Amino acid sequence: MSRNNFDSDSPALLNQVPISDQNADSPFAGEKQRVLDSQNSDSELDSKQEQLDNEKSKPKWWENKSLEEKPIEGLYAWAVVASGFIMQMFCMGVVNSYGSYQTHYHIKQFPDEDMSTLSWIGTLQFAVANLFGILSGILCERFDSRLVTFVGGVIMGLALIIASFCDDAVWKLLITQGIMFGIGSSLVYIPSTSIPAQWFTARRALAVCIVVAGNGIGGLWLTPATDSMIENLGTGWALRITGIIILVVNSAASLFMRNRLKVARQEKIVDFSILRDIRFLALFAGGVCGTTGYFTPLFSLPSFAVLVSGKSMKFSTNLVTIMNAAITVGRLVAGQAAPYIGNINTMSLCTMIAGLSVLVLWLPFHATGTLIACAIVYGLSSGGFIGLISVVMADIWGVQRISTIVGLLFICSFAGTMIGAPSSGAILDNIGHGTDFKPSIVFSGVFMMCAFGFFTLLRFMVNPNPFKKA
């Protein structure tokens, strides 16, 4: 057999080579080895391709809901809810009651400072909490979430206590009452928002809305309490007393804030592939727009009542109290209505009403009745918007890694907060000359309506049938 007639791809012909020719010196030995190497290479390529195909067909972590064991929804689950409620009452209640501090700072303590500068303190409290959201979510997945929330409460308390000795300069308050408090708040806010959802299925919306109603309750009693402490003891003692209370109460509440689902160590710390999900991008865009407009009524409506409507400081404080009470009721009502209307439908409806309340009730009027009506309607509707966003995330992407995905999504809150309140304050100072609030009111209302548009888009992505619950 000549080598020219040898078919290198045929093992049968190769086996016909005489034994005497299959020694190391035979030219046929090299041909046989080449055929074997080619076959091995093809086998390795097939194996690698099969692995790639399996990897592509493997569901993402947010699609694999079989990992979610059925929650017991028992006594301990409700203890987690109570723990989250208490944590939210302080970490976000302090943020919601900052309007009292801002009004006092602007009118009495720092009258020469621009409103936009003073608004940065409250802005940083919430913005930093959201900026560190991913880190907080990672820590909760990799370590004991009870320890994470305990440390967060200690940082929050110490931030206010240190700020109480630094209330003679705005930049010191920006660092302590703003940034430092925000870091501690992140370690409490993200776990208390996300972990309760792991313990419920049918009552998930109600449970989460009860938890986030805590920040409305916190603002409800912290606002008049803070105002009373400021008037009688000064801002130093107001900050000091609040910080001590947070240290004690949050330490006790953190004992129950335990993760139900564990994340395997080999899983990615943060899986950014979810950023390619168009539904996530729609929810993210809606969150940015919503939080951009959200804080303007909370921070500016009390000042509007004093500077434009000529009301007393006591009335402005009562207005903040009314708004926080409405926020609390709104979150509870949204939690009850969501199972019947649909979580995304309820969130979209609340966002639309919040935007309209600003543009219809606040923009054209400044009478006492319309101010109170705006505070009530805006509080009821905005409470549902904030309360349901984490429930929507759990419904779409599951609860196994909800702490990380909440932290990732809440970057939108950071972006919206950094854009919102400072821009609104700058618009008031530069366009409204410190007294004309209309441009900043339009700014807030338009962004809330844009958020409604993105949430409506998300609703039809999840379920294109307009007559079905989503």
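Me: Is Cys-450 buried, exposed or partly exposed?
Reply: Cys-450 is partly exposed, with a relative accessible area of 35%. Buried means under 20% relative accessible area, exposed means over 50%, and partly exposed lies in between (1.4 Å probe, protein chains only).

Me: What kind of model is this?
Reply: This is a predicted model, where local features need pLDDT of at least 70 and side-chain atom pairs count only at pLDDT 80 or more, while totals for chains, interfaces and linings use all residues. Residues are numbered from 1 along each chain as its sequence is written, and side-chain values use heavy atoms, with hydrogens and water left out.

Me: Back to Cys-450. Which cysteine sulfur is closest to the sulfur of Cys-450?
Reply: That of Cys-289, at 5.1 Å. This is too far for a bond. A disulfide is a pair of cysteine sulfur atoms within 2.5 Å.

Me: And is Cys-289 buried or exposed?
Reply: Cys-289 is buried, with a relative accessible area of 11%.

Me: How many disulfides does the rule give?
Reply: The count is zero.

Me: New topic. What is the volume of the second largest pocket?
Reply: About 180 Å³. On a 1 Å grid over the protein atoms alone, a pocket is an open set of points where a 1.4 Å probe fits, with protein on both sides within 12 Å along at least five of seven lines. Lining residues have an atom within 4 Å of a point. Points are joined across faces, edges and corners, and the volume is the space filled by probe spheres set on them.

Me: Which helices supply at least two residues of that lining?
Reply: α13 (313–341), α14 (343–362) and α15 (368–397). Helices are DSSP runs (H or I, at least four residues), numbered from the N terminus.

Me: Which one gives the largest share?
Reply: α13, with five residues.

Me: Which residues line this pocket?
Reply: Among them are Gly-330, Ile-341, Cys-350, Val-377 and Ser-381.

Me: How many of the lining residues are nonpolar, polar or charged?
Reply: Nine are nonpolar, three are polar and none is charged. Here Ala, Val, Leu, Ile, Met, Phe, Trp, Tyr, Cys and Pro count as nonpolar, Asp, Glu, Lys and Arg as charged, and the others, Gly among them, as polar.

Me: Where does α13 bend?
Reply: At Gly-335, by about 30°. A proline, Pro-339, follows within four residues. The bend at a residue is the angle between axes fitted to the seven residues ending there and the seven starting there.

Me: What span does α13 reach?
Reply: Its 29 residues reach 40 Å from first C-alpha to last, close to the 42 Å expected. The expected span is 1.5 Å times one less than the number of residues.

Me: What follows α13?
Reply: Gly-342, whose phi is positive, near 110°.

Me: Now α15. Where is its kink?
Reply: The kink in α15 is centred on Leu-388 and is about 35°.

Me: Why call α15 largely enclosed?
Reply: Because 22 of its 30 residues are buried.

Me: And α9, is it mostly covered or uncovered?
Reply: Mostly covered, with 18 of its 25 residues buried. α9 also has a kink of about 35°, centred on Ser-185.

Me: Last one. Where is Glu-141?
Reply: Glu-141 sits in helix α7 (residues 133–142). Glu-141 is buried, at 10% relative accessibility. Its C-alpha is 7.7 Å from that of Thr-404, 263 residues apart along the chain.
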